[in-house]
There are 2 protein chains.
Amino acid sequence: MDTDEVKKIIDSLDMERKIERINLEDAYQRVLAEDVHALIDLPPFNRASMDGYAVQAQDTFGASEDNPVYLDLIEKIRAGDSPSKEVQKGTCSEVGTGAPLPEGADAVVMVEVTDIQNDKVEIREPVAPGTNWALQGSDIKKGQLLMEKGTLLTAAKIGALSAVGLKEIPVFAQPVVAVISTGNELIKPEEELKYGKLYDINSESISNAVRSCGCKPLSSTIVKDDYNSIKNKIESYKDADVIITSGGTSAGAGDILRQVVEDMGEILVHGISVKPGKPTLIGTLPEDRGNIVLFGLPGYPVSALMIFHGFVAPFLRGLAGLNEVTDKTEIRELKLSRRYHSARGRSHFVLVKIEDDLVHPILKDSGAITALAEVDGYFEVPKNVEIIEEGEEVKVHSLSGL
Amino acid sequence: MDTDEVKKIIDSLDMERKIERINLEDAYQRVLAEDVHALIDLPPFNRASMDGYAVQAQDTFGASEDNPVYLDLIEKIRAGDSPSKEVQKGTCSEVGTGAPLPEGADAVVMVEVTDIQNDKVEIREPVAPGTNWALQGSDIKKGQLLMEKGTLLTAAKIGALSAVGLKEIPVFAQPVVAVISTGNELIKPEEELKYGKLYDINSESISNAVRSCGCKPLSSTIVKDDYNSIKNKIESYKDADVIITSGGTSAGAGDILRQVVEDMGEILVHGISVKPGKPTLIGTLPEDRGNIVLFGLPGYPVSALMIFHGFVAPFLRGLAGLNEVTDKTEIRELKLSRRYHSARGRSHFVLVKIEDDLVHPILKDSGAITALAEVDGYFEVPKNVEIIEEGEEVKVHSLSGL
């Protein structure tokens, strides 16, 4: 099936996003699930934005080095204090940055152009009304929209939410993703490597790729490549939102996974015209089986990660509410270091290493593990393109988040 | 002090990176602290890379649709099995993808060009020796360098490490960073907002920014803006690697922080010629006080985050071992949406919003909290540049990781 068709099918998968309320301190990298409005004015009071003296501006008009103005100091107001006196003609109050502007004052003279002696403040520059303080609610007014649903909660955004005193916020729940490696040859890292066996790679790489999409991977497992083992394992994950398997999708693996999904639910895609990753399967399990979307990735780790990034990741990000927010920094246009020759008729995901802002295709076969050690990202060659010349720009999708 | 000078001083801070050994499953986004060599060959045995039949290639020469070759099937070898029979002239063994190639065989005929009946395998295409299987150690040999010290452990890299059966790996320990907000006006989100008080922002935003640099923030606190409170708090963090304070650095705050650091250790920087963020302080505490680097950021949340990103983040990333690895995807050159006018004599960090690949400067003052809600990143205007024209390209540093 064409990659575009596959993407369309994935887009049409209708999964409900769940919402949960969490403490702001746990919100880093989560996604806001509802619009948030300011609970208070910001600033919450007329706030001095300089250290200096709150005055009636008119009193300072004409002040200069040679001809300073003298005002009576009536109060010292530090940040956090409540002023108790009104500033009147001929008087002033000392204010710290962040302190409330006292009644009667309409400007702050910054401390650098003043001197003080015996509660007499010398002012050597005039200020206009409104200078060096911020009006209550001038940044945002109580009830105004502070942040939109769908915002990725970075350090900056979390700061903005804490400014209005929010403790709990609504975020999209992290979709739960079960990760299964299938294969009789696979063993866990703690096991001894016997002849014919391979250490399982996809459990770790796919679980972490799932993390990078804002989802929660369930502790991953290896299952034997037979009908009952795979079916039982899939049935044990009723509470997952998504199941990702790898391996067991090639022709001679007897199409076991396809058979299992066919018996339990519905096959939407079997085989994508893309390299690497052709033998990919997408299916759904009905509501009484947990209403789960299942992706069957190829067994080769590089292929599995590529297909994950190209097809599964956008879906998971969408489910986690991350789809729009991460795109901005994800794609870079960079020049190709050498001519790249592709096969017609299939899209290509080409693994690359980025060096000196040049894109170096990693020309290893899909089974090569060392490609994983080198990879920075990949670009896609559309199926009708055969050659990309040296120096041509390609869009590199970063894998750094994976 | 000039930004370049400040950066030089920060670069010269000599902090030792600690190393710890952790389980591979906890390694996501950590940084490898030592070179890792392959513990085994990859593949660990001669491995079939197709479903099909292991043969002596010579037996298939001349085979065609019209003139197929017939071989005796002597064994079925699935992935994970150990072959027990040697393939000899006129015979073949069935192999699954990932299965070991049996002795005697030198090629795999893919299942698609074969048929089988009563243990006689019909082969309709010739194969050359070496086809459809991978030689033991052809990807990487035991003892060869698999991954370099300093590698960021993404999903792909973790996959590569698990391929050689590693369970524990050496990574740089996460630097411990204490985050302190100073200010009599600051309250925590659970407190009631009284007149003159402000909800603390920097605790949350800086703590999460610290996370984004691969460091571990200690639960952040608010302290009063007086000498003893600040000194006692700093003294309580002997086990931290870095202390970050915000607020209390402006002229009239009485330079309390400067006084404290001067009394406890050494001031390296006080005041940076950059906007926003001029009143920034950098100091060190001696070995008997924990050998700590201290950054005193301005109190305004936007300024604090900008200075953090420009000066503190590179230092923390370096300490966490992340300095080289994250730069690749961090900076984008994008066009400015409008003419930008800067003041001469100081570098400018200009907050921006990115829309349709255009960079829109956020023209709000440093105290504005809503800027935090909008920001995508920032660009730097060098101190000797006054005007950047509409359409000119600027280097946008992403804040998406913050």
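Through which surface do the copies meet, judging by the interface residues of chain A and chain B? In this predicted model, 99% of the interface residues of chain A are also interface residues in chain B, so the copies meet through the same surface.

Two copies of a chain are related by a rotation about an axis and a shift along it. Here, chain A can be laid on chain B by a turn of 180° together with a shift of 0.0 Å along the axis, and the RMSD of this superposition is 0.1 Å. The two copies are thus related as by a two-fold rotation axis.

The interface itself comes next. On one side, 81 residues of chain A take part, and they are in contact with 80 residues of chain B. Several elements of chain A give two or more residues to the side that touches chain B, namely strand 11 (145–147), helix 2, strand 15 (198–199), helix 3, helix 6 (301–320) and helix 8 (370–374). Of these, helix 2 of chain A gives the most, with 8 residues. Sorted by class, the side of chain A that touches chain B holds 40 nonpolar, 24 polar and 17 charged residues.

After the helix comes Gly165(A), whose phi is positive, near 80°.

What does helix 2 of chain A meet in helix 3 of chain B? Two packed helices are described by the angle between their axes and the distance between the axes. For helix 2 (residues 155–163) of chain A and helix 3 (residues 202–212) of chain B, the angle is about 165° and the axes lie 8 Å apart. Since an angle over 145 degrees counts as roughly antiparallel, that makes helix 2 of chain A roughly antiparallel to helix 3 of chain B. Their crossing is right-handed. From helix 2 of chain A, the residues Ala155(A), Ala156(A), Ile158(A), Gly159(A) and Ser162(A) meet Glu204(B), Ser205(B), Asn208(B), Ala209(B) and Ser212(B) in helix 3 of chain B. The residues of this contact divide into 4 nonpolar, 5 polar and 1 charged.

Helix 3 (residues 202–212) of chain A and helix 2 (residues 155–163) of chain B pack at an angle of about 165°, and their axes are 8 Å apart. Helix 3 of chain A and helix 2 of chain B are therefore roughly antiparallel to each other, and their crossing is right-handed. Glu204(A) and Asn208(A) are among the residues that helix 3 of chain A brings to this contact, while Ile158(B) is one of those from helix 2 of chain B.

Finally, one residue of chain B shows how parts of a chain come together. Val350(B) is found in strand 24 (residues 347–355) of chain B, and Val350(B) is buried, with 22 other C-beta atoms within 10 Å. Leaving aside neighbours within four places in sequence, Val350(B) is in contact with Tyr340(B), Pro361(B), Tyr378(B), Phe379(B) and Val381(B). Val350(B) and Gly377(B), 27 residues apart in sequence, are 8.4 Å apart in space from C-alpha to C-alpha.

Conventions. Residues are numbered from 1 along each chain as its sequence is written. Chains are lettered from A and ligands numbered from 1 in the order in which they are written. This is a predicted model: local features need pLDDT of at least 70, side-chain atom pairs count only at pLDDT 80 or more; totals for chains, interfaces and linings use all residues. Axes are lines fitted to C-alpha atoms, for helices over the stretch in contact, and angles run from 0 to 180 degrees between N-to-C directions. Helices (H or I, at least four residues) and strands (E, at least two) are DSSP runs, numbered from the N terminus. Angles under 35 degrees count as roughly parallel, over 145 as roughly antiparallel, 65 to 115 as roughly perpendicular and the rest as oblique. A crossing is left-handed if the near helix is turned anticlockwise from the far one by less than a right angle, and right-handed if clockwise. Two residues are in contact if their C-beta atoms, placed from the backbone, lie within 7 Å. Ala, Val, Leu, Ile, Met, Phe, Trp, Tyr, Cys and Pro count as nonpolar, Asp, Glu, Lys and Arg as charged, and the others, Gly among them, as polar. Copies are superposed by least squares on the C-alpha atoms of residues with pLDDT of at least 70 in both. A residue is buried if 20 or more other C-beta atoms lie within 10 Å of its own, exposed if 12 or fewer, and partly exposed in between; C-beta atoms are placed from the backbone.
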